Every structure is written in structure tokens, then in C-alpha cells.
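Colleague: I would like to learn how to read strand pairing and charged pairs in a model. Could we work through one case?

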Amino acid sequence: MKVINIPYLLFIVLLGVLCSCRQQADTSNRSYFTFDLEDRKVVIPVQLNDSVTVKLVFDSGDNFGYNFEFVTLDSSILLVNPSLPRNHILGTQPWRIAWSPITYPATFYDSMQLKLNLGRTDFVYSGICAWLYKKYMNSTVADGMFNIPKSDTTHVWELNFENNYMEVHTADNYQFPEDCMLLPLEASDYNPFFVTLPLKVRFSDGDTLTIHRKFFIDTALARDIVLLLGAQEQEYLHQREDAVWLKDMSCYIRYYTVAGTLFDDLRLDSLRLYTLDYKNSVPHPYVIGLNFLKHFNVFFDMKNKRLGLQPLRHFERLVNPLYRRFHYSTRKSQDGRFIVNCVGDYKENYYKTAGLQMGDEIVTIEGIPYGEITLETANQLRLLDTLVVGIVRDSKPQTLYVNVDRNEPTGD
């Protein structure tokens, strides 16, 4: 008959309880985030000064160009929460959205005691940037933005896309996952988040391209990899005929679907290269965003200036279903005329097929003066099979008949 060792059994049970409690305590330090699919940003609930709960976008690209650390808040948050400390106004100045040249008025407040709580970790920011975030960013979910303080030299920030949480770890003796690749985090005068990646991509026709560059990391950018003005690869990409043209603000963006290989052996399927060949305020030509980072669990090691990338088996693209194809854009002349300044150069563009050209003045669509077409009217026009477009070309009135593809794909 086997004798049961009661003390040993109790020890095992107690050890299991302690491990369970420790695991639960570790889990409680996690801040779970959601994705706003129309905006495609990481939205995390945080507490300010232990009393005000807000939902903020985690934006590694925020605050660049400024020498102090601040949290960006919608102005309404300050109105309904007068307890948030604002020592005095530092000034009111134009606030620029990085991917657009447009600026909006913002007020900066000195606030030496603004504490942001993330899980069980507190961070102190030295200021508040208040502006109409919800309006200008067209956000119905987020109340503003925050980033990793530049002064943080003691933590590892984990952005876990496998289970959708953020967790801040103490850097001392922190153990990265065994399959985590560690890369140097490089810095510039305006942002500390750059990493050099050796990336090779293969197009559907078999052509290959090597992009071994230093990339700016922007967690608030939804897209995979964006090559801006100054990127040497743009010339090759714009000669290809497999670009998808999308409307982007008042202009356009093009993307190319490729199979990627990182470090010669890590495959990244469902990868997109985007190109912007018009000016904006992003000061670096190579950028990686959320749909690239979502292939990994991401670790920002602020103490040792390293970026950790732990590959994930499953990747799910964040898609905004509202993105429409780009057909053409116009500029308003000094005398109030609407002049076509770009026509999407792809065979499925039914405005190009109908004969629309750069330099044309668009006068009317379906008899409606072009300058009077509202967003609601434009949505109604999209339901028609054919559009009658009145233009002026070389000082002569002409009529174009545009056969609309109502089954044209949308989304990005």
C-alpha cells in the first residue's frame, strides 16, 4: 500500500496557489487595447492623476520636434475635468497632423504633475497639448494621444498583438521571449524610434526589391510600409502597373501587395508597400506602421535602446472598409475654377477611360455646379451608372460620359 506524504502534498498545493496568484498579479499589470477600425489605431484606457479615465491612442510618433513631454487631449476633456493640473498656458500655436500639411490651433499647458497610469506603472508628463482632437482626427473613440516619455530609461514597453494588451516591465533582469529578435533602436533629434531592417520583397510577377533602410516607427500609422518623397525605391515602384490607387485626404496614395522576407529567412505574407509622392510634414522617407508591427509582439527596451520583435504565427490585417479608389483630384484656382491636377493612372479608372485629363476644368457633374457638390450629394452620385461631366478644355466646353463601376472594390 502506497503511503501518501501529506506535508509534501500540501507543499505542492500551496506552490500551485502561489504560482496562480503570481500569474494573476502579472496579468493585472496589462492594459488591454482595442482598435478603432475606421481610424485603425491602438486605443488604450488610462488614468490621469488617479481620477480621470480616458482612452488614448498610443502614438510612438507623437511629440517629435518638441523638447518636453506632453499628453495630447481633446479640449473637451479639460472642460469637464477642471481637476487636471494646468499651471499656466505656454502658448497657442498651430498643431500639425504629421501626414497632412494642414495645421490646427492648439493650446499648450505647463503641467508638472500630470500623472498617467498604465497598469501598475505611473509616468509623469510635463505638459498638455489641448486641441479639437475628436473633430480634426474624426475620432469617435479616442480622447487624445500619448507616447513613451523620452526620459524613460528604466522600462521595457510591450505591445502584445497576440492578445491585444500593453504592459510595462522593469528593464532590470527582464527576460525577452526566446524567439524575440533584438535590434538597436536608433534616435534622431525629433524622435527616438528608428530601426534598420533588411527587407526583401517579391512581387506577383516575380520581380524582387531589396529595401535595407532605417525606418521611422509610427504606431499610430495603420499602413505597413510607407515610402515618401526622397525614398530611392519610388522611381522603380511608380513604373509598375500593379498599383492600387486610394483616395487619401485630398490627394492619393498607392500600394503594392508583395511577399516579404526579413533577415533572409522570416517570411511576411500579406505585406503592402505604400508610396506618397506629395509633400507632408513627416521628416523621414521610410516609415513602418501598425499593419507591419502586427506581425510581431513588439518590445521597446528604453534602457538598452533596443527593439524586440517576436514573430507571430497568425496575422490579421486591420482594414478600413470605407476607403475608396482614387480617380482624380482638383485644385481651386485664384479665380475660383476647379482644375484637375491629377488623374489616377490605372486601367480601371473610369474617369481616365472617359477621357478626363490633367488641366481640365470641371464645371458640372449631372448639371450640379462642381463647387456646390456636398459629401451627401457625392454619395448619391455614386449610385448612378453613368455620370455626365461638363468640363472646359483649351477654353472649349466639352461633355464627358463616365461609366461608373458600382462594384469597384473599396477598403484598405
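Colleague: Which residue stands opposite Val-402 in S27?

Modeller: This is a predicted model, so side-chain atom pairs count only at pLDDT 80 or more. In a regular strand, side chains alternate between the two faces of the sheet. Here, Leu-387 stands opposite Val-402 of S27.

Colleague: In which sense do S26 and S27 pair, and over how many bridges?

Modeller: S26 and S27 pair in the antiparallel sense, over eight bridges. They form a hairpin with two residues between them. Asp-394, in the turn, has a positive phi of about 55°.

Colleague: Which residue in S26 is the bridge partner of Ile-365?

Modeller: Val-389 is that partner. The pairing of strand S24 (residues 361-365) with S26 is antiparallel and has four bridges.

Colleague: Now the charges. How many salt bridges does a search of the whole structure find?

Modeller: The general idea is that side chains of opposite charge can pair when their charged atoms come close. The search of the whole structure finds 24 salt bridges. One of them joins Asp-412 to Arg-272, with the closest N and O atoms 3.0 Å apart. That pair links distant parts of the chain, 140 residues apart: Asp-412 lies in the segment after strand S27 (396-403), and Arg-272 in strand S18 (residues 266-275).

Colleague: Is Asp-412 buried or exposed, and why does Arg-272 count as it does?

Modeller: Asp-412 is buried, at a relative accessible area of 1%. Arg-272 has 15% relative accessibility and therefore counts as buried, because the cut-off for buried is under 20%.

Colleague: With which residue does Arg-406 form a salt bridge?

Modeller: Arg-406 forms one with Asp-385, the closest N and O atoms being 3.2 Å apart. Here too the pair links distant parts of the chain, 21 residues apart: Arg-406 is in the segment after S27, while Asp-385 is in the loop between helix H7 (375-381) and strand S26 (386-393). Arg-406 counts as partly exposed, at 48% relative accessibility.

Colleague: Are Lys-41 and Asp-39 buried or exposed?

Modeller: Both Lys-41 and Asp-39 are buried. They form a salt bridge with the closest N and O atoms 3.2 Å apart.

Key:
Residues numbered from 1 in each chain as written. Predicted model: local features only at pLDDT ≥ 70, side-chain atom pairs only at ≥ 80, totals over all residues. Heavy atoms only, no water. Salt bridge = Lys/Arg side-chain N within 4 Å of Asp/Glu carboxyl O. Buried < 20%, exposed > 50% of the residue type's maximum accessible area, 1.4 Å probe, protein only. Pairing = 2+ DSSP bridges.
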